[in-house]
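Here is a short briefing on how one protein model is put together. Please look over the sequence and the structure first.

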Amino acid sequence: MKRTTLFVAAALLALTACGTSEPAASTGDDPTTSAAGPVSITDSRGKKIDLKAPATKVVGLEWGVVENLISVGVMPVGVADVKGYNAWVTAAKLDSSVKDVGTRGESSVDAIVALNPDLVITTSDESASAIAGMEKAVPVLVVDAADAKNVIPQMKTNLELTASAVGKTEQAKQINADFDKALADGKQKITDAGKAGTPFTMADGYKQGSTISIRMYTPGSLLGAVGNELGLKNAWTEGGDKDYGLASTDLEGLTKLKDGEFLYIANDADGGDVFGKDLAGNAIWKNLPFVKSNNLHRLPDGIWMFGGPKSTEQFIDAAVKAVTS
C-alpha cells in the first residue's frame with residue numbers, strides 16, 4: 001500500500017483490492033521436494049504460474065510481499081520505493097544491494113526488466129494494465145492485498161503463496177506457527193494483567209495543510225482484528241472499507257469514544273506525529289477521556305500496518321506492552 005495513497009484511501013475509502021477467503025490453490029509437486037524442480041502455482045487471479053524452478057531473482061512491488069520474501073530467506077533484487085520501505089518496515093530489512101524500481105503503483109517496467117528477474121510479485125492493488133505490461137517480459141504472481149472479512153487468514157495465505165513461488169513452504173509454515181504462538185502468548189499476558197476485555201482503538205493520522213485526517217482500524221483491519229484476538233475489545237466498529245477495514249474520521253469524531261486504550265502509529269521519517277504534536281495543544285483533544293487518563297500510546301516507528309506475520313508480531317509485542325505497563 002503506497003504511503004502517499006494511504007491518505008487518499010483513508011479519505012475516500014476507495015482501495016480496490018480483491019480479497020479471498022480461501023487459500024490460493026497450488027498445483028503440481030510441492031516446490032520444497034526438489035530445490036531445482038519446476039513450480040506450478042495458481043495466484044489470486046486464478047492464473048496458473050509455471051516456473052522451471054523456484055524463483056531466486058524476485059522483484060517485489062508491495063511492502064508486505066517484500067517483507068514475506070525476506071522473512072522466508074529470499075532477498076529481492078528489486079523493490080518499489082526502497083526509501084519508503086526502509087522508513088516503514090523494520091521487521092525484515094533490505095540489503096543495500098536491492099535496486100529501486102519506482103513507486104508502488106507506478107513501477108518502471110524497464111527498471112524491472114533490467115534486473116532480469118525470474119518473477120515479479122505484486123498485489124491485487126496493482127492495476128491490470130500495469131500487470132499486463134510486466135507480463136510481456138516476466139512472470140507476475142499476484143496475491144490479494146487484503147480481505148476485511150478474513151484478514152488474519154489472508155495474511156497467512158499471502159505468505160504461503162509467496163513462499164511457494166520461491167521454494168520456501170516449510171519456512172512459511174514455521175513463520176505462521178510462530179505468529180500463532182506470539183498471539184497466544186500476548187493474549188495470556190493481557191489476561192494475566194487483568195486487561196482482558198479492555199476497550200481499545202487503533203489509529204493513525206495525517207496532516208495536509210491545516211487539515212488533519214484520522215484513520216481508524218476497525219475489526220476488519222489487520223491490526224484491529226489482532227487486537228481483538230489478543231482479548232481486547234475494538235471500540236471502533238463503524239465503517240471500514242471492504243478490503244483493509246479502515247474508516248475515516250476527524251477530531252470531532254473521536255469525541256464519541258469513551259475511556260480505553262488509544263494505540264496509534266506515526267513515523268518521524270514520513271509525516272510525523274499528528275496526535276503527539278499537532279493536536280497536543282487542542283482543547284478538544286486534551287479533554288478526550290483516553291487523553292485525560294493518560295491511556296494514549298504511540299507505538300514504535302517502523303511497524304508496518306499492512307505487513308505479514310513478522311510486522312504483525314511487532315504490533316503484538318508493542319500493543320501488549322502498552323496495555324499492560
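The notes below cover the cores, a helix pair, a hairpin and a sheet.

This is a predicted model, in which local features need pLDDT of at least 70, side-chain atom pairs count only at pLDDT 80 or more, and totals for chains, interfaces and linings use all residues. Residues are numbered from 1 along each chain as its sequence is written, and side-chain values use heavy atoms, with hydrogens and water left out.

**Nonpolar cores**

- The largest nonpolar core holds 45 residues. Such a core is a set of buried Ala, Val, Leu, Ile, Met, Phe, Trp, Tyr and Cys residues joined through side-chain atoms within 4.5 Å. Buried means under 20% relative accessible area, exposed over 50%, and partly exposed in between (1.4 Å probe, protein chains only).
- Met202, Val226, Leu299, Met305 and Phe315 have the most contacts inside this core.
- Elements giving two or more residues to this core include helix H6 (151-165), helix H7 (169-192), strand S11 (199-208) and helix H12 (309-324). Helices (H or I, at least four residues) and strands (E, at least two) are DSSP runs, numbered from the N terminus.
- H12 supplies the largest share of this core, seven residues.
- Beyond its neighbours within four places in sequence, Leu299 is in contact (heavy atoms within 4.5 Å) with Met202, Phe315 and Ala322, among others.
- Another core lies apart from the largest one. It has 21 residues, including Leu51 and Ile121.

**Helix pair H2 and H12**

- H2 and H12 pack at about 95°, with axes 8 Å apart. Axes are lines fitted to C-alpha atoms, for helices over the stretch in contact, and angles run from 0 to 180 degrees between N-to-C directions.
- The two helices are therefore roughly perpendicular, a label for angles of 65 to 115 degrees.
- Glu67, Asn68 and Ser71 of H2 meet Pro309, Lys310 and Ser311 of H12.

**Hairpin S2 and S3**

- Strand S2 (residues 39-42) pairs antiparallel with S3 over four bridges. Pairing requires at least two DSSP bridges between the strands.
- Five residues separate S2 and S3 in the hairpin. Gly46 in the turn has a positive phi of about 85°.
- Val39 has Leu51 of S3 as its bridge partner.
- Ile49 and Leu51 make up the covered face of S3, while Lys48 and Asp50 make up the uncovered one.

**Five-stranded sheet**

- The open sheet has the order S6-S5-S4-S9-S10, with parallel pairing.
- S6 and S10 are at the edges, each with a single partner strand, so one side of each has no neighbour in the sheet.
- H6 lies across S9 and S10, at about 165° to S10.

Technical notes:
Parallel < 35°, antiparallel > 145°, perpendicular 65-115°, else oblique.
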